[in-house]
Amino acid sequence: MNDQQRRRPAKPHRRPQKDPVRFLAFEALRVVDERDAYANLILPPLLKKARAKGDFDSRDAALATELVYGTLRRQGTYDAIVAACIDRPLREVDPPVLDVLNMGVHQLLGTRIPTHAAVSASVELARVVLGEGRAKFVNAVLRKVTAHDLDGWVERVAPSYDEDAEAHLSIVHSHPRWIVSALWDALGGGRAGIEDLLEADNERPEVTLVARPGRSTTDELLDALGEESGLPGRWSPYAVRMAEGGEPGALAAVRDGSAGVQDEGSQLVAAALALAPVEGTDTRWLDGCAGPGGKAALLAALAAGRGATLLAAEKQPHRARLVERALAGNPGPYQVITADGTRPPWQPGSFDRVLMDVPCSGLGALRRRPESRWRRRAEDLESFAPLQRGLLREALKAVRIGGVVGYATCSPHLAETRVVVEDVLKGRGGAPVEAEWVDARPLLPGVPALGDGPDIQLWPHLHGTDAMYLALLRRTG
């Protein structure tokens with residue numbers, strides 16, 4: 001070391017600068033991982049708090065939302081890319097480090113953020129939340145990622161379609177392999193359909209409102225939103241679609257409960273049950289798994305318009321309270337109770353119409369809850385099976401002869417849909433039930449691509465809805 005080097009002063013230590021947007025996105029990702037939380041429940045209160053402090057404007061909120069949801073949706077693809085850039089198994093990378101890395105990869109490969117800005121912002125975040133040593137690791141990995149664009153990386157980390165179709169689709173479209181296989185089985189057909197479905201799962205879903213009959217109309221909602229912010233629903237007569245970035249809570253109709261946020265597929269399930277022909281009286285309706293209350297609120301409004309009453313039952317007390325909130329202000333009579341649909345307090349044959357929207361894997365709502373694809377396992381379906389069959393059997397007991405049951409689930413998985421209905425009707429695992437299928441397709445007028453019936457399966461890529469399933473059954477004895 002020469003004299004000049006000895007005299008050169010050391011660089012002053014620079015305190016890392018906290019970027020509020022990326023810090024909030026990282027915070028949301030950690031809560032999602034550590035608490036098994038859902039981003040659509042975690043992120044809004046974090047954004048609200050940031051706005052209240054004056055840290056965020058609308059562009060900041062939009063970027064934070066994109067970083068969280070984009071990272072979660074593309075996690076499988078980004079994991080494969082990061083794994084190709086490190087010299088250790090991916091499982092040995094601490095989850096907080098992987099969150100920073102994947103969020104950085106998303107900025108590099110999934111957004112228009114300039115390369116230098118994506119790397120420097122990610123490294124700075126790492127210095128804040130991980131420390132200087134790990135920040136150097138993040139910097140080294142992300143600089144390797146900059147060598148290729150997304151298509152270039154996919155060519156390197158995914159097997160070819162001809163070599164292993166499911167593995168190829170899993171990495172390209174960021175879905176666990178078992179989910180790719182299950183969705184492909186449910187959808188049928190060739191490569192184009194499954195690729196369209198998987199890609200639709202990675203798109204940001206529209207915010208759809210429901211105008212609850214007797215309390216609001218779609219025209220009123222459209223007027224409140226204005227021409228640039230509102231569009232009519234595609235299929236549901238009660239639906240209004242909001243422009244991207246719209247705030248449902250800013251609408252008075254949403255705040256007072258005369259309208260709500262509800263996917264159009266969910267609206268169609270309730271509407272179809274309400275339209276199904278029944279023999280005889282039509283005065284008592286039941287929603288046997290009512291939480292959190294979206295379908296129950298629409299059913300209650302439709303029932304009120306016909307002079308019928310709705311009983312909404314929900315097993316979990318906190319979800320029953322959500323149902324009460326959703327139904328508050330309904331113009332007709334209704335009742336909300338906390339009750340287990342497999343051990344019901346009502347007498348057999350008490351109802352004319354019954355909806356049983358059963359707990360399920362949620363594979364039909366991966367657009368809205370992308371993190372759930374990484375939590376679910378194929379074996380989870382086995383735990384749902386007895387409950388789903390038990391709830392459907394009790395629903396068929398609860399309806400009178402000539403009445404109709406709607407079995408619904410937000411999953412297209414065959415083990416949660418048609419197989420459940422067929423097992424119950426044929427008495428597999430229980431006594432046979434005297435009931436017949438009702439063709440649900442004519443009850444969704446104008447909705448295309450509903451299959452061969454008599455049940456219906458909606459799809460994100462075909463209908464722009466969650467992948468809702470509905471079977472209608474009329475009790476015959």
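This report describes salt bridges in a predicted model and the solvent exposure of selected partners.

## Overview

Side chains of opposite charge can pair when their charged atoms come close. In the predicted model, the number of salt bridges comes to 35.

## Arg59 and Asp57

A salt bridge links Arg59 to Asp57, with 3.9 Å between the closest N and O atoms. This pair counts because the cut-off is 4 Å between a side-chain nitrogen of Lys or Arg and a carboxyl oxygen of Asp or Glu.

Arg59 has a relative accessibility of 66% and is classed as exposed. Asp57, at a relative accessible area of 33%, is partly exposed.

## Arg127 and Glu132

Arg127 pairs with Glu132 in a salt bridge whose closest N and O atoms lie 2.9 Å apart. The relative accessible area of Arg127 is 12%, and this residue is buried.

Asp439 is partly exposed at a relative accessible area of 30%, and Arg441 is partly exposed at 28%.

Elsewhere in the model, Arg30, Asp33, Glu34 and Asp99 belong to one network, joined by salt bridges that share partners.

Technical notes
Residues numbered from 1 in each chain as written. Predicted model: local features only at pLDDT ≥ 70, side-chain atom pairs only at ≥ 80, totals over all residues. Heavy atoms only, no water. Buried < 20%, exposed > 50% of the residue type's maximum accessible area, 1.4 Å probe, protein only.
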